[in-house]
Amino acid sequence: MAGVIRRLDETVVNRIAAGEVIQRPANAIKEMIENCLDAKSTSIQVVVKEGGLKLIQVQDNGCGIREDLDIVCERFTTSKLQKFEDLASISTYGFRGEALASISHVAHVTVTTKTADAKCAYRATYSDGKIKAPPKPCAGNQGTQITVEDLFYNVNARRKALKNPNEEYAKILEVVSRYAIHNSGISFSVKKQGDTVSDVRTLSNASTVDNIRSIFGNAVSRELIEVGCEDANLAFKMKGYITNANYSVKKCVFLLFINHRLVESAALRKAIETVYAAYLPKSTHPFLYLSLEIAPQNVDVNVHPTKHEVHFLHEDSILEHVQQHVESKLLGSNSSRMYFTQTLLPGNDCAPSEAVKPAANPPVVARGNGDKVYAHQMVRTDSREQKLDAFLQPVNNPLSTGPAEVVTEINAGPREDKVRPQDAEMEDVSDLVEITHVQEHTAMPEEPSESGCLSPETGPPPHKKPREDVDVQMEKGERRKDVTAACTPRRRIINLTSVLTLQEEISNQAHANLQEMLHDHSFVGCVSPQWALVQYQTKLYLLNTTKLSQELFYQILIYDFANFGVLRLSEPAPLYELSMLALEDPESGWTEEDGPKEGLAEYIVEFLKKKTEMLKDYFSLEIDEEGNLTGLPLLIDNYVPPLEGLPMFILRLATEVNWDEEKECFESLSKELAMFYSIRKQYLIDESNLTSSQNEESDSSSTTWKWTVEHVLYKAFRTHLLPPKHFTEDGNILQLANLPDLYKVFERC
């Protein structure tokens with residue numbers, strides 16, 4: 001009677017073993033990449049076709065294979081191990097000699113290799129672990145190229161199970177990406193056959209963080225914390241990068257290398273995720289990249305056919321040590337949370353028909369076209385609503401919150417019922433009627449006119465503009481021709497080519513959607529002198545008041561060129577003293593090499609006195625014969641610039657303006673004036689740094705600048721500002737939230 005136990009055929013044995021080592025194309029590529037790394041390669045290129053089932057090609061620039069091509073695909077042939085005891089100190093990736101043998105039993109393998117001192121390369125093909133024909137000389141670069149074709153051609157069940165090439169390609173990308181991150185001194189690339197662009201590509205001079213950024217994106221790389229610890233008693237050290245509490249995803253990304261092998265450790269993953277559970281939202285996970293180096297004699301690498309698991313001594317102690325270190329790093333980075341905003345503007349990414357409909361009516365009201373406005377789409381504010389505090393103008397000078405060194409008097413002509421025709425000549429500035437004398441801590445008129453201009457004491461009272469006139473958007477072509485922010489008696493036409501060119505540049509750079517948002521916004525409040533919150537439809541925006549006001553004043557200076565009223569100083573301000581004050585300020589950048597301050601101040605006075613006529617005629621900037629500043633331009637009604645910035649303005653007027661070319665002169669001079677007039681936090685009291693007694697004294701000052709920002713500047717933004725396109729990209733307009741997304745958040749809670 002024949003026995004029931006039989007010795008399997010060698011071919012069957014080899015295919016069974018190959019099926020354990022090479023489970024899918026990604027395993028084959030992992031084994032070949034490890035061979036490339038053992039060969040000291042600095043560049044590894046992977047090309048695949050149909051997810052690696054049709055073709056895998058791995059090329060490196062390593063040392064190459066010398067005279068072992070005959071046995072390179074036989075089982076248990078290796079250059080890294082000679083006796084079993086060598087496993088205790090193994091430092092290479094491979095040691096069994098099974099990788100290429102296993103691949104050759106389930107695919108057609110071709111090896112092309114060239115060593116540094118060889119005159120040519122050699123190519124050989126293999127099947128079932130045996131070489132088919134003697135190696136043939138051929139052309140080739142230094143290193144080794146292994147081509148694997150028709151993987152699992154003789155294992156039908158396995159090939160049918162791997163029927164999705166895209167899924168297999170994704171696993172290949174995952175494997176190569178992890179090795180690329182760990183081996184930052186080596187360049188990796190992966191692409192599909194025929195593609196010109198690699199799906200994964202790293203450079204040999206890139207750092208670990210650069211590779212993480214390249215593969216996983218900025219969202220991960222900007223939240224990374226570097227970790228590293230070691231323990232001589234446990235004979236291990238750890239380094240890597242983990243994300244802080246600002247980053248979380250639905251699936252944990254855990255890259256673990258032990259002695260440079262890509263492995264998995266469920267125990268270590270669980271230990272670290274337990275730490276993160278206290279910091280991240282429920283059911284979210286971090287990004288982790290850890291590299292552990294443990295004494296080779298303490299690691300057993302021969303516990304799994306694909307080597308994706310290892311066992312090591314003192315496992316519990318090492319895991320606890322790593323867990324404690326990760327927790328200490330997270331505690332150190334948990335003092336703040338970071339929220340990234342987007343400069344998303346209304347109408348940028350949706351058609352007008354898709355825009356959110358304002359709804360002041362009860363929720364879910366049927367519209368004429370049958371559309372419904374749901375609760376999460378409702379706009380619950382009306383930008384046309386008038387606020388009572390608009391009529392309660394603070395009693396202090398609008399912006400000067402420090403000791404008053406310069407007292408101002410506002411001069412303006414009586415406002416006409418409507419603007420005179422453009423071709424009328426403007427009356428001489430000296431004929432302007434002085435209307436009020438405003439000093440620090442003296443009362444302003446309690447009832448400003450609706451347009452924002454102060455009511456004159458002499459002459460006929462101006463008519464109030466109806467509210468709807470203020471909010472109606474004007475035609476683009478006529479917008480600037482009929483409106484001026486300054487209270488001037490008459491306008492004169494300006495046909496200077498340079499000014500017309502500057503006006504055209506402003507018009508061409510205007511952003512229509514942003515202009516619409518500013519026109520129809522609802523003011524929410526001031527965050528600081530520099531930042532303010534506004535609402536537009538269902539979105540909340542953070543606006544840079546400093547930059548917007550600077551742009552507003554620049555545009556007023558260009559569009560109302562030579563048509564300004566005058567803010568006349570009650571006491572002339574000596575240019576010499578203002579220049580000396582500016583030169584004493586570290587912001588001026590003065591050094592001893594520039595010469596004595598007195599000489600520079602005298603030069604500034606004499607230089608500006610030569611420009612008196614032009615400054616007065618075009619910019620209403622008045623300087624008398626003795627070198628005293630007597631008047632500033634009135635750009636918008638009810639607004640006095642922060643006079644604390646006057647010394648620095650005088651210095652920059654003489655040093656930063658291009659006085660040689662007409663267009664550049666008008667442009668740079670207008671920009672310097674706009675900077676001086678803009679709201680700047682350094683010239684306003686910072687409430688957060690004041691004592692309680694100082695707080696009481698500054699309450700009225702704080703109220704003053706906040707009132708000015710809301711009721712003077714943002715009111716002017718509605719009608720006079722053409723926001724440039726670069727505001728959408730430079731962080732001056734930030735979208736903080738929108739109602740539909742907030743509803744989604746609340747629905748998940």
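1. Of the chain's contacts (heavy atoms within 4.5 Å) with a separation of 6 or more, 72% are between residues 24 or more positions apart. Please keep in mind that this is a predicted model, in which local features need pLDDT of at least 70 and side-chain atom pairs count only at pLDDT 80 or more, while totals for chains, interfaces and linings use all residues. Residues are numbered from 1 along each chain as its sequence is written, and side-chain values use heavy atoms, with hydrogens and water left out.

2. Here is the overall make-up. The chain has 20 helices and 24 strands; these are DSSP runs numbered from the N terminus, with helices being H or I of at least four residues and strands being E of at least two. Of its 749 residues, 48% are buried, where buried means under 20% relative accessible area, exposed means over 50% and partly exposed lies in between (1.4 Å probe, protein chains only).

3. Have a look at helix 2 (residues 25-38) and helix 5 (residues 165-182), whose axes come within 9 Å and cross at roughly 25°. Axes here are lines fitted to C-alpha atoms, for helices over the stretch in contact, and angles run from 0 to 180 degrees between N-to-C directions. Helix 2 and helix 5 are therefore roughly parallel to each other; angles under 35 degrees count as roughly parallel, over 145 as roughly antiparallel, 65 to 115 as roughly perpendicular and the rest as oblique. On the helix 2 side the contact includes Ile 29, Ile 33 and Leu 37, and on the helix 5 side Ile 172, Val 175 and Tyr 179 are among the residues involved. By class, this contact of helix 2 with helix 5 has 9 nonpolar, no polar and 4 charged residues. For these classes, Ala, Val, Leu, Ile, Met, Phe, Trp, Tyr, Cys and Pro count as nonpolar, Asp, Glu, Lys and Arg as charged, and the others, Gly among them, as polar.

4. The contact of helix 14 with helix 17 divides into 10 nonpolar residues, 1 polar and no charged.

5. Which residues of helix 8 (residues 266-276) are buried? They are Leu 268, Ala 271, Ile 272, Glu 273, Val 275 and Tyr 276. Their cover includes strand 11 (236-243), strand 12 (253-258), strand 14 (287-294) and helix 9 (315-332).

6. Two backbone angles are worth a glance. Most residues other than glycine have a negative phi. Lys 40, however, has a positive phi of about 65°; Lys 40 sits in the loop between helix 2 and strand 1 (43-49) and, at 69% relative accessibility, counts as exposed. Asn 259 also has a positive phi, of about 50°, and is found in the loop between strand 12 and strand 13 (261-263).

7. Finally, Lys 547 lies in helix 13 (residues 545-559) and counts as partly exposed at 40% relative accessibility. Not counting residues up to four places away in sequence, Lys 547 touches Phe 727 and Asn 732. The C-alpha atoms of Lys 547 and Met 675 are separated by 8.8 Å, although these residues are 128 residues apart along the chain.
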